[in-house]
Each structure stands twice: as structure tokens, then as C-alpha cells.
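Here are my notes for your first look at this structure. Keep the 3D view open and follow the points one at a time.

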Amino acid sequence: MANFFTDNPDLKFHLNHPLMKKIVELKERNFEDKDKFDYAPVDFEDTMDSYEKVLDVIGEICGEIIAPNAEDIDREGPHVENDRVVYAKGTEENLDAIRKAGLMGITLPRKYGGLNFSIVPYTMAADMVSRADAAFVNIWGLQDCAETIHEFADEEQKEKYLPRFCNGETGSMALTEPDAGSDLQSVMLKATYDEEKKQWYLNGVKRFITNGDGDISLVLARSEEGTKDGRGLSMFVYDNKAHKAIKVRRIEHKLGIIGSPTCELVYRNVPAELVGSRRMGLIRYVMSLMNGARLGIAAQSVGIAEAAWREALEYAKERKQFGKAIIEFPAVYEMLSVMKAKLDGARSLLYETSRFVDMYKAYFHISNERSLEKEERQEMKKYQLLADAYTPLAKGLASEVCNRIAYDSLQIHGGSGFMKDYPIERIYRDARITSIYEGTTQLQVVAALTGLAKGTYLKQIREYEDTPLKPELHTYRRTLITMTEEFEQALMKVQETEDKEFVDFHGRRLIEMAGNIIMGYLLLLDTNRESRFWKSLEVFLRNARSENKANAAFIAASGLSDMGRFKQDEVGEEE
Amino acid sequence: MKKSYRIIVLAKQVPDTRNVGKDAMKADGTVNRAVLPAIFNPEDLNALEQALRIKDRFPGSHITMLTMGPPRAAEIIREGLYRGADDGYLLTDRAFAGSDTLATSYALSRAILKIGDFDLILAGRQAIDGDTAQVGPQVAEKLKIAQVSYAEEILEIKKEKVTVKRRLEKGVEIVEAPTPLLITVTGSAPACRPRNAKLIMKYKRATTLSERQGISEDYISIYNDRPFLNLPEWNVTDIDADPAQLGLSGSPTKVKKIENVVFQAKEAKVLQDSDADINWLMKELITNHTLG
């Protein structure tokens with residue numbers, strides 16, 4: 001019996017982080033549900049035990065159902081029939097298992113039928129489902145839409161939609177359009193209010209919508225006629241199951257995640273309900289939706305990387321050349337160890353980010369029920385800053401690490417990896433999207449630069465630095481302190497120019513340096529808790545140190561005139 | 001049409017004989033349960049899934065798990081509850097030890113009479129430790145009810161009639177049978193659904209009184225607050241059974257010898273139900289000392 005939870009002890013390790021006590025206590029509000037729901041936990045230990053038992057079920061479904069279906073789903077893909085999406089057969093089987101196991105609405109409160117789990121175990125589920133099938137995780141993971149409804153919709157809407165998510169209905173977020181990709185301010189889909197019918201109607205086209213024909217859809221639309229920027233956009237919820245009023249014009253043919261239907265949708269007088277306040281659609285709600293989705297992609301990246309690394313390890317042990325297994329050759333074992341170190345670093349960053357989001361969200365929901373004490377307000381602010389800074393960092397870095405690991409895994413497979421005979425070929429294709437959707441790596445860097453400017457990363461790095469360590473680990477801390485000094489010098493050099501373009505020019509270098517230090521510290525703290533991470537820490541720091549030195553050297557030798565050197569020359573004007 | 005059904009699922013905890021090592025058998029020819037992981041007998045899971053599908057179709061239906069075994073076999077009841085069963089009973093008593101199929105079916109039938117009213121009894125075709133496929137049919141005989149074996153799908157249920165698809169060696173057979181009915185389900189039936197998250201959290205502390213000996217004081221009070229966490233255990237007296245018909249004394253089956261057999265036959269022969277073929281088979285079995 002394959003079980004993706006029990007065969008990966010790193011998950012249980014991250015689940016049992018010391019901060020979980022606080023997170024669970026906030027999330028469970030002193031376990032007040034225990035007398036109302038027969039499945040609610042009575043204390044912290046009981047909660048953690050429930051988390052583990054449910055993760056065990058998810059691990060089993062991943063190992064026994066979702067992973068074995070992945071290849072067929074990739075080959076078959078979804079298709080359009082009478083303007084509706086029809087999933088591949090395996091996708092339906094996966095959904096059936098997920099529904100029967102009650103694994104939709106994982107984070108929603110029990111009063112709506114949810115499990116009231118914190119973000120950490122939810123992320124862990126996404127990590128495993130992604131390892132099993134990176135396409136299916138998109139359909140399953142769109143339960144994130146419910147979180148946005150929970151945060152911003154009115155009570156009537158919550159009671160209408162949230163139980164349906166918990167019962168297994170799927171979601172979609174309809175944001176992008178042909179001319180509004182990364183730049184969502186340009187969204188044109190029109191929302192008009194019919195005064196007589198007291199009803200909003202949507203008209204226009206959406207493109208690249210994952211699971212666009214899902215049961216419940218969040219739609220970003222222009223409600224304020226004549227506006228051109230983000231302040232004219234509002235968020236709507238559209239009940240596709242009840243109305244079936246949109247038309248799926250086509251499903252995109254993609255390089256990877258083929259099982260996940262990416263739709264072009266046509267709206268003609270589609271009835272919808274306003275969520276929250278007008279004009280707040282992009283500025284407030286989409287930002288929240290995107291942050292959740294970005295954390296989801298970070299989890300997807302780590303899950304895909306896990307799958308790729310395991311495929312490489314297995315192949316390298318079995319494949320014999322020149323009379324021995326190829327894992328015995330330095331070129332191969334070094335690749336494998338770097339892959340594992342980066343995987344461990346990215347996973348640790350993923351769960352650190354999840355904990356920050358958990359802390360912030362728990363306070364956010366409590367603040368909707370009662371006013372927070374001063375200390376609580378400060379904590380909420382602290383974790384909001386950390387969540388905002390760490391989310392783009394985790395998404396950006398984990399997706400790049402994922403691509404690198406998938407690349408190296410295929411490389412280890414040699415010619416066989418290029419053929420359709422091994423799973424790595426699909427994993428490699430699936431990996432590619434992670435650094436593109438929900439904001440490209442380049443856009444994550446822009447978002448992360450805000451965290452850098454606010455000093456959020458450096459402040460947290462100092463906190464890591466002050467954590468008491470076992471004596472044998474002090475040497476690694478000294479390395480990280482040196483790397484931090486080097487990073488601060490580079491940062492100062494860039495910042496003192498006070499030139500926005502120069503900061504953007506070096507943005508990726510700076511963020512990668514900060515990310516290496518943060519992941520280095522996280523691995524150090526992991527090793528402090530459990531010594532088996534020592535090898536990954538050692539390998540990670542060797543690499544990170546040289547990468548940071550290269551970036552530092554580049555920045556040290558760079559000046560404002562560089563930007564001219566790197567710009568493409570004007571090409572002759574076309575006639 | 002009746003709106004709901006009362007279903008009893010017979011399930012057994014078995015050693016996982018799919019991964020047998022050299023220590024799997026003891027010198028006395030019995031299974032060494034200590035070295036093999038204990039699992040839910042696979043075809044009993046197929047039977048449970050059929051019961052759950054009936055409950056999906058007729059939501060008021062009630063599923064009772066019934067199992068016989070050592071105290072740790074309570075796990076079978078929990079596994080049933082995690083998937084949607086409503087309650088369950090564990091038959092456990094030293095007097096049951098060593099029961100063969102005859103004694104086991106006697107004990108189960110006594111327990112079923114005690115549970116009372118039912119429309120359907122569902123069981124796996126056979127258990128992977130004994131492979132006899134006898135217990136289900138024997139239970140039906142003792143209860144004097146109809147039985148359908150080798151079922152792959154329950155096609156239709158009406159008030160007093162059930163339509164079942166049987167998977168046989170050379171094809172399928174659709175049969176009708178009256179309720180109350182016992183059905184044994186084959187491994188080719190749909191696999192059982194996964195455990196449900198809420199039900200796991202609800203029932204994870206469901207235990208029998210003997211399992212609760214020595215657990216942490218912290219959780220004792222929840223057994224009063226949540227009575228569904230008390231799993232009933234029944235002994236010989238509870239099911240009003242005759243001890244002489246149980247255990248070794250109630251079991252005419254005696255294991256004479258256990259041998260490790262490696263299949264060497266290179267060809268298969270299909271026999272018809274003609275006198276000539278049966279005569280041939282008898283001669284063959286006597287010649288190679290399988291009989292006599």
C-alpha cells in the first residue's frame with residue numbers, strides 16, 4: 001500500500017513544528033467546537049492526532065488512486081462537449097475518492113461543514129497531491145475560492161456556497177482575459193446591474209481559466225463603467241452549477257498539467273452576485289485570493305520536486321553503466337544530493353510561510369468576531385507582514401527549484417528520460433508552469449522587493465540568528481552570518497543609488513541571496529530539531545554560499561551604466 | 001419500495017498473507033499471526049462497499065459491522081465506521097479460539113440473531129488466511145435464509161427481492177433472491193471507498209472496554225459524552241451460544257499436515273460435469289495420493 005504521508009517522514013517533521021501549538025489554539029478558539037461537533041478535537045494533542053490521521057488518508061489516496069491515474073489522465077486530458085468541460089476518466093475517479101473521503105473544504109469552519117484545519121496540514125495535503133498528480137492538484141486546490149468567500153462574502157452567501165464546497169463542488173477563479181494577464185488592472189469583462197431585476201449580469205470573455213467550468217466561480221469584472229484601472233473592478237460569485245450560463249469556447253492545448261482544463265469562457269448575460277464591496281475586487285480580494293493561490297503553487301512546486309527527486313534516485317540506483325549503478329559516479333551523486341538539499345530547503349520555506357499565513361489568518365478571523373487585544377493586534381500585524389513577504393519568496397524560489405530538480409532528474413535518466421516510457425517526462429512538463437502562473441518568478445521578485453524594502457526579511461533573519469543552537473551547529477550559523485553581511489553590502493550598494501530601475505535590475509539577484517540565507521537558516525533550525533537534516537544543510541550551504549558570492553560579485557562590479565549595456569539595441573524599424 | 005435497509009457486514013481481521021515470509025507458519029501447522037500484519041480481509045472490504053452503496057442510495061439505511069476475533073480485531077469495526085458503517089460488534093472470547101468454519105458460522109449466526117432485524121447480510125467471498133469460502137454460506141444455512149455467492153454487484157433492491165450480478169468462471173449470471181438474504185461478494189466488485197476525514201476524527205477513539213484498559217486518564221470522560229465511542233464486545237454468554245459447538249470442541253476440521261506446495265502443472269484441464277470426467281478426476285486424485 002503506497003502512502004505518500006507515511007513514506008515521507010519530512011512531512012510529519014514539519015507538521016510537528018513548535019509554533020503549531022499556538023496556531024492550533026488560535027484556530028480552535030480554545031476548542032469551543034468540542035461540544036457542538038462530534039468530530040471536533042478536545043485539546044491540542046487531539047487536534048494534531050486528527051491532522052495526522054487525516055493526512056494519512058490523503059497519503060493513501062495519493063499513493064493508491066491519484067498517482068496511478070496520473071499517466072492516463074495526462075494522455076487522455078479533458079475535452080469540451082456541448083460547451084461544457086468533460087474531465088478525463090481518472091480525474092472523475094480522483095474526485096470521487098476525494099469527495100467520499102471528505103477532503104474538500106479542509107480549512108473551512110465546521111459550521112459550514114468544513115474540517116477547520118489550519119493552513120499547514122492543508123498545504124501538506126497539497127504537497128502530497130502534487131507529488132501524485134500536478135494536474136489534479138489544480139482542480140482539488142481551487143477549494144481556495146471558498147476561503148475567499150469565507151473572508152469577504154456576506155453571511156447569506158457563506159451559508160449558500162461554503163457547505164457546497166465542503167460537499168465536493170469544485171471552484172474556479174476567473175481573473176485573466178486575452179488582454180489582461182499579469183496586468184489585471186486591464187480586465188474588461190463587464191458587470192452591469194439590472195435595477196428592475198435587482199441582479200448583476202456579466203458580459204465578456206475570460207481566458208486561461210483553470211477549471212473554468214467548475215461549479216462555483218469567482219469572477220473579476222468591471223462594475224464601474226468608464227473606469228480603466230483596478231479601482232473600477234469588483235468581485236462576483238457565479239453559480240455555474242445552477243445556471244450553466246457560461247460557454248466553454250475551448251480548452252487550451254498545453255505543454256504540461258494536461259489533466260487540468262484551462263478554459264476560454266464566454267459570458268453572455270450571466271447572472272452573478274457581488275462579493276463584498278464594489279471597487280474592492282482587485283485591490284483587496286484578488287490580492288488575498290492570489291496570496292492563497294501562490295502558496296498553493298509553492299506547495300505544488302515542492303510536491304512535483306519530491307516526485308522528480310524520487311524518480312531520479314530510483315533510476316540512478318537501478319541503472320547500470322560501465323559495470324556499476326550510475327549513482328556511484330560523482331557527477332550523478334552530486335546532482336542527487338544538491339536536488340535533495342534544495343528540495344529540503346524549499347519545503348522548509350513552504351511550511352515556514354504556511355505557519356506565518358496561519359498565524360495571520362487566525363487573528364484575521366478572530367478580529368471579525370471580536371476586537372483584538374493590543375498584543376494580539378501587534379502579533380497579527382507582525383505575521384501579516386511576514387506572510388506578505390514570504391509568500392512571493394516561497395512561490396518564486398520553490399517553483400525555480402522545482403524546475404531545476406525536474407531538469408536534473410530527467411538528465412539523470414539520460415535518453416530514457418526523454419522518452420515517454422518514464423514518469424519523469426510528464427513531471428518535467430508539469431513543472432514548467434509553476435514558475436509562470438499565479439505571477440511569474442519575475443513578478444514574485446517585484447513583490448518580494450517590497451518585503452526587502454520594508455526590512456521584513458532581515459528582521460526575521462536576525463530572529464533566526466538569535467535562536468539557541470546545539471554547539472556542533474554554531475559553525476553553520478557563522479557561515480550564515482557571513483553570508484548575511486555580504487548580502488547587506490550588496491543590498492546597500494543597490495539601494496544607495498536610489499534608482500528604481502537599478503533595484504529592479506538586481507532584484508532577482510538580491511531576492512535569491514536573501515532566499516538562500518533564509519532557507520539556510522531554516523535548514524539549520526531543522527537540523528537543530530532533528531539531526532538527519534545535517535547532510536542537506538551541509539550541501540545546501542556549500543551551494544548557497546557560492547551562488548551568493550557570484551551574485552555579490554556581479555552587484556559589486558555593477559553601476560548605473562550597466563542598464564544601458566543590457567538593453568537590447570533598437571532593431572531597424574519595420575516597413 | 002422500502003426507503004431504507006438494515007444491513008449486517010461480516011468482516012474478518014486476517015494476517016496479510018500477500019507478503020508471506022519463511023516464518024509465516026508455526027510448527028503445528030497454524031498461521032503465525034504474530035509476524036504477519038493484521039489487515040481487513042480484502043473481499044470483506046468489497047462487501048462493505050456494496051453495503052455503503054446501498055446506504056448512498058437509501059440514506060436511512062443502517063450498517064452494522066460484525067467481526068469475531070481477538071480483542072485487537074476491534075480495528076475492523078473502526079475501519080467500517082471510518083467508511084460509513086453505523087455501529088458494530090466484536091465477538092471475542094477464549095471459547096471461540098480454534099473455531100473452524102462450522103463453529104465460526106454458528107457463533108456469527110447466534111450474534112446475528114441477537115442483533116435482530118436485518119434485510120441483508122453481506123460478507124466477502126472468502127478470507128485470505130483460510131480461503132474456504134464456507135463461512136458466509138454456512139451462516140445463511142444456520143439462519144435458514146437464502147444466499148447468493150460470488151456477487152459482483154447488487155443491481156436492484158426492492159421490498160422483498162434483490163437482484164444480484166454474480167461473477168462466475170465463464171461469465172456473469174443475474175439472479176433474484178428474496179430478503180432476508182445473505183450475499184458473499186467477490187474481489188472483482190468495486191474497491192472500497194477511502195476512509196472519511198470527519199468519520200475518522202469522530203470514531204478514532206472508539207474502543208472496546210478491554211482496549212481501554214490503561215489508556216490515559218485525559219480522555220476517559222469523552223466516553224460518557226460520546227456514547228458512540230463504546231464498541232460492544234460480546235462473549236459466549238452474550239450471544240447465548242452452546243460452548244460445545246464452539247472452539248476446538250465444536251470444530252470437526254482437524255489440520256493433519258501443512259505442506260509447502262509449489263505449483264508445477266504445466267497445463268490446465270477443464271472438466272465437464274459428466275460422469276466420465278468425474279471418474280477420470282477421481283482416478284487422477286487417487287493415483288497422485290491427493291485422496292486416500
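Helices here are DSSP runs of H or I with at least four residues, strands are runs of E with at least two, and both are numbered from the N terminus. One more thing before you start: this is a predicted model.

1. Chain B as a whole. Counted that way, chain B has seven helices and 11 strands. Its C-alpha atoms fill a box of roughly 65 × 50 × 35 Å along the principal axes. A compact globule of 292 residues would have a radius of gyration near 19 Å, and chain B has 21 Å, which agrees. Of those 292 residues, 39% count as buried. If you take the contacts in chain B with a separation of 6 or more, 70% of them come from residues 24 or more positions apart.

2. The sheet of chain B. In which order do the nine strands of the open sheet in chain B lie? The order is β9-β8-β7-β10-β6-β1-β4-β5-β11, with mixed pairing. At the edges are β9 (171–178) and β11 (233–234) of chain B, each of which pairs on one side only.

3. Two neighbours of β7(B). With β8 (residues 161–168) of chain B, β7(B) pairs in the antiparallel sense over six bridges. A hairpin of two residues connects β7(B) to β8(B). Lys158(B) has Lys161(B) in β8(B) as its bridge partner, and Ala151(B) has Arg166(B). With β10(B), on the other hand, β7(B) runs parallel, and four bridges join the two. Here Ala146(B) stands opposite Leu181(B) in β10(B).

4. A helix across the sheet. Now look for helix α1 (residues 42–57) of chain B. This helix lies across β1 (6–10), β4 (62–68), β6 (120–124), β7 and β10 (181–185) of chain B. Relative to β6(B), α1(B) runs at about 150°.

5. A cis peptide bond. Is the peptide bond from Thr179(B) to Pro180(B) cis or trans? The bond is cis, with omega near -5°. You will find Pro180(B) in the loop between β9 and β10 of chain B.

6. Where the chains meet. Colour the two chains differently and look at the contact between them. There, 15 residues of chain A are in contact with 12 residues of chain B. On the side of chain A that touches chain B, α3 (44–76) and α4 (89–100) of chain A each supply at least two residues. The largest share, six residues, comes from α3(A). By class, this side of chain A has nine nonpolar, two polar and four charged residues.

7. Helix α15 of chain A. This helix lets you check a simple rule. Buried residues in α15(A) include Val445(A), Ala448(A) and Leu452(A). The buried residues of this helix pack against α12 (374–413), α16 (456–465) and α18 (500–529) of chain A. Just after α15(A), Gly455(A) takes a positive phi of about 80°.

8. A buried methionine. Met359(A) sits in helix α11 (residues 330–369) of chain A. Why does Met359(A) count as buried? Because 24 other C-beta atoms lie within 10 Å, and the cut-off for buried is 20 or more. Leaving out residues up to four places away in sequence, Met359(A) touches Ile23(A) and Tyr383(A).

9. Positive phi without glycine. Two loop residues of chain A are worth a look. Asp83(A) is not a glycine, yet has a positive phi of about 65°. Its place is the loop between β1 (79–81) and β2 (84–86) of chain A, and Asp83(A) is partly exposed, with 13 other C-beta atoms within 10 Å. Lys198(A), also not a glycine, has a positive phi of about 50°. Lys198(A) lies in the loop between β4 (190–194) and β5 (199–210) of chain A and is exposed, with 7 other C-beta atoms within 10 Å.

Methods. Residues numbered from 1 in each chain as written. Chains lettered and ligands numbered in written order. Predicted model: local features only at pLDDT ≥ 70, side-chain atom pairs only at ≥ 80, totals over all residues. Buried ≥ 20, exposed ≤ 12 C-beta atoms within 10 Å, placed from the backbone. Contact = placed C-beta atoms within 7 Å. Pairing = 2+ DSSP bridges. Axes fitted to C-alpha atoms, helices over the stretch in contact; angles between N-to-C directions. Nonpolar A, V, L, I, M, F, W, Y, C, P; charged D, E, K, R; others polar. Rg over C-alpha atoms; globule rule 2.2 N^0.38 Å.
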